[in-house]
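Please prepare a briefing on the helix packing, the nonpolar core and selected residues of the model shown here.

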Amino acid sequence: MRAEQMLATHPHVKGAVNTALARCVEACFDCAQVCASCADACLGEEQVAQLVQCVRLNMDCADVCLTTGLIATRRSGGDVPLIEAQLRACQLACARCAAECERHAQMHEHCAICAAACRDCERACEEAIASLADSQTPAH
């Protein structure tokens, strides 16, 4: 993806990109796609009734990740408290989805892939939150 490259071109960023936040944007969009795909795959499984919570958490996580990626991408008039709150929500959604997918990972490869994507996004959110705390000015 090109999040860092694109953010660097923003007039308010002027090339000073918050790399951790840019990586988080990419992780969020990746996780949103993987979660949407996992939910769809779960719906195709024969024992779908056993996967209802997994589908629910996949869909919730996909929505939260997508929203987080979009909010973190916007650089005009940055709102660090909102970005941080959204990153924390994303971190929680990813942790919950990963835990549920890990329960099914032995039986369903799509759940194993999804759990890994969620854990990656969870870590990316944590690093992005830390990068916001480290900076005294609005994140780029």
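Gln86, apart from its neighbours within four places in sequence, is in contact with Val64, Thr67, Thr68 and Ile71, where contact means heavy atoms within 4.5 Å. This is a predicted model, in which local features need pLDDT of at least 70 and side-chain atom pairs count only at pLDDT 80 or more, while totals for chains, interfaces and linings use all residues. Residues are numbered from 1 along each chain as its sequence is written, and side-chain values use heavy atoms, with hydrogens and water left out.

- Gln86 is found in helix α4, helices being DSSP runs of H or I with at least four residues, numbered from the N terminus.
- With a relative accessibility of 16%, Gln86 counts as buried, on a scale where buried means under 20% relative accessible area, exposed over 50% and partly exposed in between, computed with a 1.4 Å probe on protein chains only.
- Leu87, leaving aside neighbours within four places in sequence, has contacts with Leu21, Cys24, Thr68, Cys125, Ala128, Ile129 and Leu132.

**The largest nonpolar core**

- A nonpolar core is taken here as a set of buried Ala, Val, Leu, Ile, Met, Phe, Trp, Tyr and Cys residues joined through side-chain atoms within 4.5 Å.
- The largest such core has 42 residues, and those that touch the most other members are Cys61, Cys65, Leu87, Cys118 and Cys121.
- At least two residues of this core come from each of α2, α3 (52-73), α4 (80-104) and α5, and α2 gives the largest share, with twelve residues.
- As general background, nonpolar side chains in soluble globular proteins tend to be buried together.

**Helix pairs**

- Two packed helices are described by the angle between their axes and the distance between the axes; here the axes are lines fitted to C-alpha atoms, for helices over the stretch in contact, and angles run from 0 to 180 degrees between N-to-C directions.
- Helix α2 (residues 19-44) packs with helix α5 (residues 109-134) at an angle of about 155 degrees, and their axes are 8 Å apart.
- The two helices α2 and α5 are therefore roughly antiparallel to each other, a label for angles over 145 degrees, whereas those under 35 count as roughly parallel, 65 to 115 as roughly perpendicular and the rest as oblique.
- The crossing of α2 and α5 is left-handed, meaning that the near helix is turned anticlockwise from the far one by less than a right angle, with clockwise giving right-handed.
- The contact of α2 with α5 has 20 nonpolar, two polar and three charged residues, in classes where Ala, Val, Leu, Ile, Met, Phe, Trp, Tyr, Cys and Pro count as nonpolar, Asp, Glu, Lys and Arg as charged, and the others, Gly among them, as polar.
- For α4 and α5, the axes come within 8 Å and cross at roughly 155 degrees, which makes α4 roughly antiparallel to α5.
- The crossing of α4 and α5 is left-handed, and the residues of their contact divide into 19 nonpolar, two polar and six charged.
- For α2 and α3, the axes come within 8 Å and cross at roughly 155 degrees, which makes α2 roughly antiparallel to α3.
- In passing α3, α2 makes a left-handed crossing, and their contact has 21 nonpolar, four polar and no charged residues.

**Two buried cysteines**

- Cys42 lies in helix α2 and counts as buried at 0% relative accessibility.
- Not counting residues up to four places away in sequence, Cys42 touches Val48, Leu51, Cys54, Val55, Asn58, His110 and Cys111; the C-alpha atoms of Cys42 and Asn58, 16 residues apart along the chain, are separated by 9.5 Å.
- Cys94 lies in helix α4 and is buried, with a relative accessible area of 0%.
- Not counting residues up to four places away in sequence, Cys94 touches Cys31, Cys61, Cys65, Cys118, Cys121 and Glu122.
- Cys94 and Cys35 are 59 residues apart in sequence and 9.5 Å apart in space, C-alpha to C-alpha.

**Residues with greater accessibility**

- Glu109, in helix α5, is exposed, with a relative accessible area of 62%, and from C-alpha to C-alpha Glu109 and Asp120 are 17 Å apart in space and eleven residues apart in sequence.
- Ala36, in helix α2, counts as partly exposed at 43% relative accessibility.
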